[in-house]
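Subject: Structure handover

Hello,

Here is the structure I promised you. Please open it and keep it beside this email while you read.

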Amino acid sequence: MFSFLDFLNQEPFRFIVGLAGVLFLTLNLSAILVMSERKTAGYIQLRYGPNRVGPRGLFQPLADILKLFTKENLSPARADLWIFLAAPIAMFIPVAIVWMTVPFTERSVIADMNIALLFFVAITSIGALGVIMAGYGSRSTFSLLGALRGAAQMISYEVPLILSLLGVIMITGSLSLVDVVNGQSGGFWHWYVWPQLPMFLIFYMSAIAEAKRVPFDLPEGESEIVGGYMVEYSGMTWGLIQASEFAGMGLMSGIVATVFLGGWQPPLPFMDLGVFNWFWFGMKAAIIMFTFQWIRWSVPRLRMDQLMDFGWKVLVPGALIWLFVTAAWMAIF
């Protein structure tokens, strides 16, 4: 019998429903991560965090969203309005699109692309354009300084981020994220984090920098440039920038879990949950997200020169060295 679900599983309805689901997931994930971030900060600083709206403050994200919807959107009188308003969209859309290629299980992926890793690198690099647009369109000194810092940082850390993926691509022989996860089946000792441990650490640190998180939050630098490229935004335009940043953090955590930690694969073979293996992917991504928040509230911010030195003098050479080690290991064995 041809059910309604079978009807929705056909193209283009499957793609449209999947895209709507990803946008819903991305926006709600951002709200949940904001709440989680504030709670984590509270516990680390020995205070309660949000605790007024709902039981234990769980409805605080809803109150935040209502506040942002009702606030007036302001813009500087000298702003280039089209660029100013388009910048938050240019930051959010690439993150949402890449989520469509991330496999939650072998069959739960909207677009199983055979070039998914290349697609991830290409589309996420567009985020730097959004930061530049925000700084240039605002016509503000602090915004422009933040945008210049953001562009330099994101372009510089794209290099080690891409290099750190090459080892996994060489071992798997594929650019498909589904193939990468299938190559790690059989237990946690088959996950790529072990043979590619230096690449895992390099990708993790580059991902923090790409997400503009502490200690790499120079583009925002509240104590120096009072928010950087987003200082002139308010209301829902500011909310969309925040959503793109937290969704980007979630995306990087999902990619780390997929490429290095086995994706939906269970830690041990007997823990296979079948169609519910998305639980393992969610758990791994959630742990990575928590470490991002933990680091933010535990580590001081780097200076700009330290940030650039760390990227070009430590991460890039380290990735190149381990790439040659991986190639030599494959040639010999």
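Helix 2 gives 6 residues to the lining of the second largest pocket, the most of any element. Keep in mind that this is a predicted model. The volume of this second largest pocket is about 680 Å³. Its lining has 20 residues, and Arg14, Thr105, Arg107, Ser108 and Val109 are the closest to the centre. By class, the lining splits into 10 nonpolar, 7 polar and 3 charged residues.

Now the largest pocket. Its volume is about 1,000 Å³. Here 42 residues form the lining, and those closest to the centre are Val34, Leu68, Trp238, Gln242 and Phe246. Helix 11 gives the most, with 10 residues. The lining of the largest pocket counts 22 nonpolar, 7 polar and 13 charged residues.

Next, a pair of helices. How do helix 5 and helix 7 pack? Their angle is about 175 degrees, and their axes lie 11 Å apart. Angles over 145 degrees count as roughly antiparallel, so helix 5 and helix 7 are roughly antiparallel to each other. Look at the contact itself. Helix 5 brings Leu117, Phe120, Val121 and Thr124, while helix 7 brings Glu158, Leu161, Ile162, Leu165 and Ile169. By class, this contact has 7 nonpolar, 1 polar and 1 charged residues.

Best wishes

Note on methods. Residues numbered from 1 in each chain as written. Predicted model: local features only at pLDDT ≥ 70, side-chain atom pairs only at ≥ 80, totals over all residues. Heavy atoms only, no water. Axes fitted to C-alpha atoms, helices over the stretch in contact; angles between N-to-C directions. Helix = DSSP H or I, 4+ residues; strand = E, 2+ residues; numbered from the N terminus. Parallel < 35°, antiparallel > 145°, perpendicular 65-115°, else oblique. Contact = heavy atoms within 4.5 Å. Nonpolar A, V, L, I, M, F, W, Y, C, P; charged D, E, K, R; others polar. 1 Å grid on protein atoms, 1.4 Å probe; cavity = no way out; pocket = protein on both sides within 12 Å on 5 of 7 lines; lining within 4 Å. Points joined across faces, edges and corners; volume = space filled by probe spheres on them.
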